[in-house]
Structure formats: C-alpha cells, structure tokens
Amino acid sequence: MSASESHIPLRNRLTFRLTGGVIIVLLLVGVPFLFAFQRLLRLQQINALSQAATRMSQLVVEGLRSSMLAGHPHLLDAAVRNLSDQPEIDRVILLDHRGLVKVSSDPSYEGLTLDRRQDHSCIVCHGESSAAVPRSRAIVTTENGRRVFRAMSIIPNQPECHRCHDASLRSNGILLMDLALSEEERRFFANIGGTVALGSVMVLVTVAVLIFLLRRIVHAPLDSVVAASQKIVGGDLTARASESHTGEFGVLASAVNRMTDHLARSISTVETQRKELQEILEAVDDEIVGLDRAQRVVASNRAFRKGC
C-alpha cells in the first residue's frame, strides 16, 4: 500500500470503487444470462429426451403391433417387462382404449383404470380436440413422489387390426413409457455447476486483471503526483512529479510541475525583493522600523536596532 492510500478508507479508494462497480455490472449482466442459458439448456435437454423417448416408444408400439398380428399376444407381457429392465426406463404401461391397464412392468398399476379427466397423462391428449391429438408426445410428471419423463404413443387401430378390435375405434390403446429423470437432472445440475464455476473463475480473473491494470495505469502515476504534492505542501519546492506517463496523468503531472516552478520563482522573487529592501533600509542612517497592524515589528534597519 502506498503512503497516499494509507489514510484513505477502503470504501473511498478508487480501486475498491471501480472494482466494485465492475463486479456489480458483471453480476447484473451475468446472472440473467446464466438463468436464460440454464433455461435454454434445460429446454434443449427436455426436447432431446422427448425425441429419443418418442422414437423408442414408437418402435416398441410397432413391435407390439407385429406380435399381435403374428398371433403371439403372450409376448406382450414379456416384451414390456424386458423393456423395463433397461436402466434408463422406470416403468412401461400398456393401456387399452378405455384407459384400463392391461400390461404393466409395475405391479401396482395392474388392473387400474386411468381417469381421463384427472390423470395428467390423459389430460394432455383428451384436453384437446381429437383432430389435434398427435400419435406420440411426452410430458414431465410425478409418479410416487419421483419426477419422470413420460412418453405416450397411441396404438392405432389399423385395418389389419379389425379382425380382433372394433373397427369404429380410432386406437387400440396407448403405450406409456416412464424414464427416470434423476440421472438426467444430476447431469443437468452438474453442467450448471460447471458453468457457474467457470463463470466465477472468469469473474475472479477479470477482477484480478482489473486491479492489476488500475494499479499500473491509474495508481502509479496518481501516486507520483500525490507524493510530489505532499512534498510541496511540506515546503520542498524541488519536488517534481514523474511525467513519464502518457495520457491525462502525464498532463496532470506536467501541470503540477509547472505550478511548482511558478511558485518557486514567485517565492524567489519575493525573497530577492525583501533582501533588496533590507539593504536599502540598512544604508539609511536614520532609525526606520516597520510595524504590522498589531504593532509588531516586521522590519527595521541597523540604526534602529542599535538604538534599542
């Protein structure tokens, strides 16, 4: 710490104020950007997961449909249970057109009928007009206290299915596939944590570089001017500020030096005139004395001093 800074409170120092201002600006810009980036990253992750889950469920629907057309309905249960054994799949549920669970990898769902008016999975499709309902879609929902990503694919009632299913029905059922979000959320928050850590490092590096530049570009020339000014105030009119710095501080140092030169010349002129006046007074044989307003002696000649 320089001598010029030692008596200045921390909150009033230029480095503290500029650095604090830069940090505030970085936070005002960086925090909203981080939230926007996090939201965009989350949407991209959900969209990618939705596309992957939808493609997987459509493939499963085609496989189930092929098994039914081949006359092997008993393979449905085995296919559903084998599919649920995959680590990323939480459960697989096969519903008929009434919402009755026909096959489920989770025994707690077997025999249940989903309420179209209350169940989140049903509201997504049945809350829209029949013409607008897509064959596949995905949602994020909560099952048994766990957040899951549910892919829903309609099993269409095509002409080749009419030998076993009512031809007036548009679909034979729905396949629900739940993917656990715990691992995806762990990866997501790990990515966010990495982004926050990287942003923090960037802020720290920015602050460190800013402090270095402030000390080199601002404090060094400013300290030179302040140090020279303090010496001048103390009576040392030979002190000079360094003019090696360019820019405004170089101009300031030059102005201080010119002011000091002018002050030194003025004091030298006054001292010379005082000496000349004193010599004139000493040459006079009569007693001469000069008084100020308080009647104090400020000047006298030799004759007066001898008379005293």
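How exposed is Gly 247, as a percentage of relative accessibility? At 42% relative accessibility, Gly 247 counts as partly exposed. Buried means under 20% relative accessible area, exposed over 50%, and partly exposed in between, with a 1.4 Å probe and protein chains only.

1. **Basis.** This is a predicted model, in which local features need pLDDT of at least 70 and side-chain atom pairs count only at pLDDT 80 or more, while totals for chains, interfaces and linings use all residues. Residues are numbered from 1 along each chain as its sequence is written, and side-chain values use heavy atoms, with hydrogens and water left out.

2. **Confidence.** pLDDT is the predictor's confidence in each residue, from 0 to 100. The chain averages 77. A score of at least 70 is reached by 81% of the residues. Helix H1 (residues 3-6) has the lowest confidence, at a mean of 52. Helix H6 (residues 248-283) has the highest, at 87.

3. **Overall make-up.** The chain has 7 helices and 7 strands. Helices (H or I, at least four residues) and strands (E, at least two) are DSSP runs, numbered from the N terminus. Read from the N terminus, the order is α-α-α-β-β-α-β-β-β-α-α-β-β-α. Of the chain's 308 residues, 30% count as buried. A contact means heavy atoms within 4.5 Å. Take the contacts between residues at least 6 apart in sequence: 48% of them join residues at least 24 apart.

4. **The second largest pocket.** Its volume is about 450 Å³. The lining has 15 residues. Leu 26, Gly 30, Gly 199, Ser 200 and Val 203 lie nearest the centre. Helix H2 (14-69) and helix H5 (182-233) are the elements that give two or more residues to this lining. H5 supplies the largest share, 8 residues. By type, the lining holds 10 nonpolar residues, 5 polar and no charged. Here Ala, Val, Leu, Ile, Met, Phe, Trp, Tyr, Cys and Pro count as nonpolar, Asp, Glu, Lys and Arg as charged, and the others, Gly among them, as polar.

5. **How the pocket is defined.** The search uses a 1 Å grid over the protein atoms alone. A pocket is an open set of points where a 1.4 Å probe fits, with protein on both sides within 12 Å along at least five of seven lines. Lining residues have an atom within 4 Å of a point. Grid points are joined across faces, edges and corners, and the volume is the space filled by probe spheres set on the points.

6. **The aromatic pair.** The structure holds 1 aromatic pair. The rings of Phe 33 and Phe 37 have centres 6.3 Å apart and planes at 15 degrees, so the pair is stacked. Rings of Phe, Tyr and Trp (its six-membered ring) pair if their centres lie within 6.5 Å; planes under 30 degrees apart count as stacked, over 60 as edge-to-face and the rest as tilted. Both residues lie in helix H2, 4 residues apart, about one turn of the helix. Phe 33 is exposed, at 58% relative accessibility. Phe 37 is partly exposed, at 32%.

7. **Arg 91 and Met 177.** Arg 91 sits in strand E1 (residues 89-96). Its relative accessibility is 6%, so Arg 91 counts as buried. Leaving out residues up to four places away in sequence, Arg 91 touches Ser 105, Asp 106, Tyr 109, Glu 143, Asn 144, Arg 150, Leu 176, Met 177 and Asp 178. Met 177 belongs to strand E5 (residues 171-180). Met 177 is buried, at 0% relative accessibility.

8. **The loop between H5 and H6.** Gly 247 lies in this loop. Gly 247 and Ile 217 are 30 residues apart in sequence and 9.7 Å apart in space, C-alpha to C-alpha. Ala 239 is in the loop between H5 and H6 as well. Ala 239 is buried, with a relative accessible area of 7%. Beyond residues up to four places away in sequence, Ala 239 touches Ala 228, Lys 231, Ile 232 and Thr 260. From Ala 239 to Asp 261 the C-alpha distance is 9.8 Å, across 22 residues of sequence.

9. **Gln 295.** This residue is in the loop between strand E6 (289-291) and strand E7 (297-300). Phi of Gln 295 is near 65 degrees, a positive value in a residue other than glycine. Gln 295 is exposed, with a relative accessible area of 59%.
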